[in-house]
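Have the sequence and the structure beside you as you read along.

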Amino acid sequence: MNYLDTTKNIYKEAALTPDVGLCCTTTPIWKFPGLEIPKIMQEMNYGCGSTVNPRDLAHNPTVLYVGVGGGMELLQFSYFSRKEGGVVGIDVVDEMLEASKKNFKIAETQNAWFKPEFVVLKKGDALQLPVEDESIDVAAQNCLFNIFKTDDLKKALQEMYRVLKPHGRLVMSDPTCEQVMNENLRNDNRLRALCLSGSIPIAEYVKMLTDVGFGTIEIRGRRPYRILDPKHYDTDTLIYIESIEVCAIKDPLPVDGPCVFTGKAAIYFGDDDFIDDHKGHILLKNQPLAVCDKTAKALASLKRDDIFISESTWHYDGGGCC
Ligand SMILES: C[S@@+](CC[C@H](N)C(=O)[O-])C[C@H]1O[C@@H](n2cnc3c(N)ncnc32)[C@H](O)[C@@H]1O
């Protein structure tokens, strides 16, 4: 059986019998005024972080969510979009679509603001989305794309890029791993489907996004996720897996390369009130300016002794250069 079919079977089981420990997120569940997440949706939280960020969700956006799980994040997105068909959920597993449909019925009884027509659930594959070109403001996936092997991951990202409007946002949460994972782990279809052995390093993940054409990338969070240890897994070394929250914006690619924000900041502490690098960046004295990695490198190359550039915090939250 190929790994995509193994994946479908595993999530069919996870739809029929909710499995609280299937994925693990240390991100607390968003609480907004009047938003009640049904218990079953929390038990079927198969994500590894959050893709919901109010900053992305002004002006009642149309949201596409691929890989619906129990529907929790779709409910959170619909809290912001609040319009008919505002959230479109796509999943390849019939049983998962059925389970989330049931969960939305419960959500309806607990959330006075929620109307069933806010969320449309459709059968479809992340590798060939049944969605029109440039029709989506915010596209999201949580803990699905890490399962895909390189060629499929490329296809899935190209599909998300295709359906987004210009300047639309792809928000994702996925495991990543900076260590080498041996081929036995990589080719273990079950572990891959369980989001344990498909993850790649952050730099590779970012490159896949920029290769598809996204001009701006924001790494918004980086958290501990799982350990694969020699006692329980086919590995000689302890493998540490993290999870990241990423936003890729469909901005045109700048001629000098993408803007990748990893949480760096520049602080000017010289004698003037500010300095201007004449490339669009003004650094006010003693005021940290969030900078993308490209700007950080350009400022460092000036070799000034009155500019400090911080390391990546991996928790970028908007503002700054570019
Ligand atoms: C790890 S679960 C994540 C569920 C949800 N995003 C969450 O955070 O709880 C992966 C989801 O992707 C769905 N899925 C698996 N393969 C898929 C594919 N090729 N296309 C679309 N959905 C898929 C599964 O049925 C399941 O709902």
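My entries below go from the sheet to its helices, then to a tyrosine, a surface patch and some salt bridges.

**Entry 1: the model**
I note at the start that this is a predicted model.

**Entry 2: the sheet**
I began by asking in what order the strands lie in the sheet. I found eight strands in an open sheet, running β3-β2-β1-β4-β5-β7-β6-β8, with mixed pairing. The edges are β3 (119-123) and β8 (259-261), each of which pairs on one side only. On average, neighbouring strands are turned by 20° against each other, direction ignored.

**Entry 3: strand β4 and its partners**
Next I followed β4, residues 136-142. On one pairing, β1 (residues 63-66) joins β4 in the parallel sense over four bridges. Within that pairing I looked up V63, whose bridge partner in β4 is V138, and L64, which stands opposite A139. Strand β4 also pairs with β5 in the parallel sense, over six bridges. There N142 has S173 of β5 as its bridge partner.
Is β4 enclosed or open to the outside? Six of its seven residues are buried, so β4 is largely enclosed by the rest of the structure.

Helix α4 (residues 94-110) touches β2 (87-91) and β3, and its direction makes about 165° with that of β3. Helix α8 (residues 202-212) touches β4, β5 (164-176), β6 (216-228), β7 (239-249) and β8. The direction of α8 makes about 140° with that of β6.

**Entry 4: Y11**
I picked Y11, which sits in helix α1 (residues 3-16). Y11 has a relative accessible area of 12%, so I list it as buried, the cut-off being under 20%. Which residues does Y11 touch, leaving aside those up to four places away in sequence? I noted L22, V93, M96, I147, A193, L194 and C195. I also looked at G67, which is 56 residues from Y11 in sequence, while their C-alpha atoms are 9.9 Å apart in space.

Y240 counts as partly exposed, at 34% relative accessibility. Together with I227 and L238, Y240 makes a nonpolar surface patch of about 260 Å².

**Entry 5: salt bridges**
How many salt bridges does a search of the whole structure find? My tally reads 18, and I followed up three of them.

- D56 pairs with R169, with the closest N and O atoms 2.6 Å apart. This pair links distant parts of the chain, 113 residues apart: D56 is in the loop between α2 (39-43) and β1, and R169 is in β5. D56 is buried at 8% relative accessible area, whereas R169 is partly exposed at 23%.
- K101 pairs with E98, the closest N and O atoms being 3.8 Å apart. Both lie in helix α4, three residues apart, about one turn of the helix. K101 is partly exposed at 43%, and E98 is partly exposed at 46%.
- R162 pairs with E159, with 2.8 Å between the closest N and O atoms. R162 and E159 are three residues apart in helix α5 (residues 150-163), so about one helical turn separates them. R162 is partly exposed at 24%, but E159 is buried at 11%.

Note on methods:
Residues are numbered from 1 along each chain as its sequence is written. This is a predicted model: local features need pLDDT of at least 70, side-chain atom pairs count only at pLDDT 80 or more; totals for chains, interfaces and linings use all residues. Side-chain values use heavy atoms; hydrogens and water are left out. Two strands pair if DSSP finds at least two bridges between them. Helices (H or I, at least four residues) and strands (E, at least two) are DSSP runs, numbered from the N terminus. Axes are lines fitted to C-alpha atoms, for helices over the stretch in contact, and angles run from 0 to 180 degrees between N-to-C directions. Contact means heavy atoms within 4.5 Å. Patches are made of residues with over 30% relative accessible area and no salt bridge: like charges are joined within 9 Å, nonpolar side chains (Val, Leu, Ile, Met, Phe, Trp, Tyr) within 5 Å. Accessible areas come from the Shrake-Rupley method with a 1.4 Å probe; for residues, only the protein chains shown count as cover. A salt bridge is a side-chain nitrogen of Lys or Arg within 4 Å of a carboxyl oxygen of Asp or Glu. Buried means under 20% relative accessible area, exposed over 50%, partly exposed in between (1.4 Å probe, protein chains only).
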